[in-house]
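Colleague: Please take a close look at the interface, and then follow the contacts and folds that can be read with some care elsewhere. I would like the cut-offs spelled out as you go.

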Amino acid sequence: MEISAKGQSSAESKAAWRLAKLLLSPFTAVGRTAISWVNNSGASAIFLVLALKKTFWHKQLAKIVQQLYFIGASSTTIILLVGFFTGMVLGLQSYHALVKLGAQGAIGTLVALSLVRELGPVLTAIMITARAGSAITAEIGVQRISEQIDALDTMRIDPLRYLISPRIIAAIISFPLLTALFDLIGIIGGYTSAVVLLGANAGTYLHRVQSSLEMKDLTDGFVKAVVFAVIVVTVCCYQGYFAHMRQDSHGAKAVGLSTTSAVVLSSVLVLVADYIVTSLLI
Amino acid sequence: MDTPLIEFKNVTKRFGRRTVLEGVNLKIYEGEVTTIIGLSGGGKTVLLKHIIGLIKPDEGTILFRGKPLNGMSKSEVDASLAQMSYMFQDNALFDSMTVYENIALPLRERTTLTKAEIDRKVMARIEQTELTDSSRKFPSELSGGMQKRAALARALVIDPTIVLFDEPTSGQDPVRKNAILSMIAQYQRKFGFTAIVVSHEIPDVYFISNRILALYEHNIVFQGTPEELEEFDHPFKDEVIRSLEGLQKELTGLHSKRQFKVMYHGQMKRRSLKDTYCVAVFKLESLDNIIETLGHESAQEAIQSMGVYIDKHFGAIGGFSTRRSINEFVTVFPYSELDEAEDLLEDFVKDFQEHGIAEIWAEARERAAPGTCVDFIILAGLAQGQPIAEIETIIASAESKQKEIGRLRCAAGE
């Protein structure tokens, strides 16, 4: 009788434990995710600092130039296309909105400020993330899972110096330049749609572009571009470099998931950072 | 004995709850080929990665030339590890670089050599590993064996004093396994480095290793010479050594040394003391010349073919054979007198020359440079014994009587 009572109480306590575990599971998941985020943020920051420390080395120049070509020069076409059509859409929308208020003269101001302050840096960062960032993650990820990074270690070649530093420097140089190109081509796009296609006044458009833009707008845009460059390249390199540490998958699948994570995370962080940097600079 | 080059003292490594190495003690000596054998997934690669510093032990000490690595300054550790090269199981060649660029990489990144000096060193290694025609190709354009050679060339280009080979023969057939191993042994003799080879599937492990270390159930259960391993009695032998013997049988069709001894004792027990038997010791002479001229694979094919022909000729009449060393075979004719054994040998040589070597040549012609020529020389010695005598004595007697019984000279370009 006593044994039966003991068995019953043990079964009850097990059931209570299971229930508690079930009820707590959402909080556990949130806690785990939060800890993982904090861990990864800290690790990414250390990763960035270590890679930056290894920048200054006489053999880095050739690798930086190579990465400048890949991240910067090779992204020119996509930046020109996206910039031009973004400008055209801005010109089109602002024309139809402002013409109702009789303020079509302000099209140039709207297009120029939108592009230089916000759209230029943000869209450039997102486009480079999609084109070069994903490729960086996939390339480094494959190098990791095929032991090429371990091979560098065994050859006493520092992988951070060899693979990561040149990409960070190339991104920091490329992002502002491509942003400038995006801004310029966007303004031309706005001119094409508002002036050439819809018949707004050319002189007014160009005058408003010139008069509304201040040096601060340009420097703020470039500050954002540099911040985004650091975020995008760090996230993409980090995700590839530690693709083998993923808990949810291994091998080629891990590289695929890391690439997805890198693109999504970079894009979200660019938008979050945009708000933070804007609120600090404004 | 000298101070070991590398010594593990009670090294333990765990990954989470899984223990991979537990209290491992081992010694590796300079200038030798040390082979670490063990079951697949038994922690051999983890052990090797501890040596090159890719993994740190959770407990225990690793000593390099008598000094603990964890007690050295960073520059001392770097200097110690810089003497080592590592050849990965899957080669780990950079697939976006050509063979030349892969081999040149450590020199370009680690040294201050000029472009011309780097080119000279890289081309020398490319020639030595017979990759001249493939130097501008990408790894994905090469065969498995060529990729191995490219990885070996990259490992050797910095003139290391220690080279670690992680499963260098994985995914190869028995002939290629031995060909790769023969290549490692040849380069080890040529360049004088210390070779540490990890494998669970080397048929020729006994013939090329100076020392063998056996990793079993997270620990080193044996370290010693191949001869000592033969006398070693442990459950490890049942699992690992038998599989190696299986590979050896797959290669030559002959019995392992152990099986040979068992058969010998079984046969002799049934004989009266007055009975006699014969022992023949065969040798494929100048193996190095064959390797030099036709390559490692052809040399292995020649050894394989010789084993197959020995088995074919003498197995049918009750003889049993084993491989004694890399190019030597022993056959016991339990019921033959000397005269009869000599006749059998003649038939064997004739058949092996007409068919065996001819087949090897047919294959080798495609690989060898036009006009190259090498002699296949077969030596054999016969001795007669009685059941009371020790087999080793009869073998030694047969070996001392070895003479040339066959020679085939042929030009690859013919």
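Modeller: A residue is called buried when its relative accessible area is under 20%, exposed when it is over 50%, and partly exposed in between (1.4 Å probe, protein chains only). This is a predicted model, in which local features need pLDDT of at least 70 and side-chain atom pairs count only at pLDDT 80 or more, while totals for chains, interfaces and linings use all residues. Residues are numbered from 1 along each chain as its sequence is written, chains are lettered from A and ligands numbered from 1 in the order in which they are written, and side-chain values use heavy atoms, with hydrogens and water left out.

The interface comes first. Contact, here and below, means heavy atoms within 4.5 Å. By that rule, 16 residues of chain A touch 22 residues of chain B. The two chains bury about 1700 Å² between them, and 57% of this is on carbon and sulfur atoms. T154(A), M155(A) and R156(A) account for 36% of the area that chain A buries against chain B, more than any other three residues. Buried area is the accessible area (1.4 Å probe) that two parts lose on being put together, summed over both.

A salt bridge is a side-chain nitrogen of Lys or Arg within 4 Å of a carboxyl oxygen of Asp or Glu. Side chains of opposite charge can pair when their charged atoms come close. Between chain A and chain B the rule finds 2 salt bridges. K49(B) pairs in this way with E147(A), with 3.1 Å between the closest N and O atoms. Helix α5 of chain A (residues 148-154) gives the largest share of the side of chain A that touches chain B, with 6 residues. By class, that side of chain A has 6 nonpolar, 4 polar and 6 charged residues. In this count Ala, Val, Leu, Ile, Met, Phe, Trp, Tyr, Cys and Pro are nonpolar, Asp, Glu, Lys and Arg are charged, and the others, Gly among them, are polar. A polar contact is a pair of N or O atoms within 3.5 Å; within protein, one must be able to donate a hydrogen and the other to accept it, and residues adjacent in sequence count only if both atoms are side-chain atoms. Helices (H or I, at least four residues) and strands (E, at least two) are DSSP runs, numbered from the N terminus.

Over all chains the count is 19. In one of them, R117(A) meets D217(A), the closest N and O atoms being 2.8 Å apart. R117(A) sits in helix α4 (residues 107-145) of chain A and D217(A) in helix α8 (residues 215-241) of chain A, so this pair ties together parts 100 residues apart in sequence. R117(A) is partly exposed at 41% relative accessible area, whereas D217(A) is buried at 5%. D150(A) and R144(A) form another salt bridge, at 3.5 Å from N to O, and both are buried. E118(A), K224(A) and D274(A) are linked in a network of salt bridges.

Helix α4 of chain A also holds T124(A), which is buried at 0% relative accessible area. A polar atom of the T124(A) side chain lies 2.6 Å from the backbone oxygen of G120(A). Beyond its neighbours within four places in sequence, T124(A) is in contact with I79(A), L119(A), F175(A), L178(A), T179(A) and F182(A).

In chain B, helix α14 (residues 391-400) has I391(B), I394(B), I395(B) and A398(B) buried. Viewed down the axis of α14(B), its buried residues fall within an arc of 100°, so they line one face of the helix. The arc is that of the directions from the helix axis to the C-beta atoms. T393(B) and S400(B), on the other side of α14(B), are exposed. The cover over the buried residues of α14(B) includes α10 (257-269) and β14 (373-385) of chain B.

Finally, the backbone of chain B. N91(B) is not a glycine, yet has a positive phi of about 75°. N91(B) is in the loop between β6 (84-87) and α3 (99-110) of chain B, and counts as buried at 6% relative accessibility.
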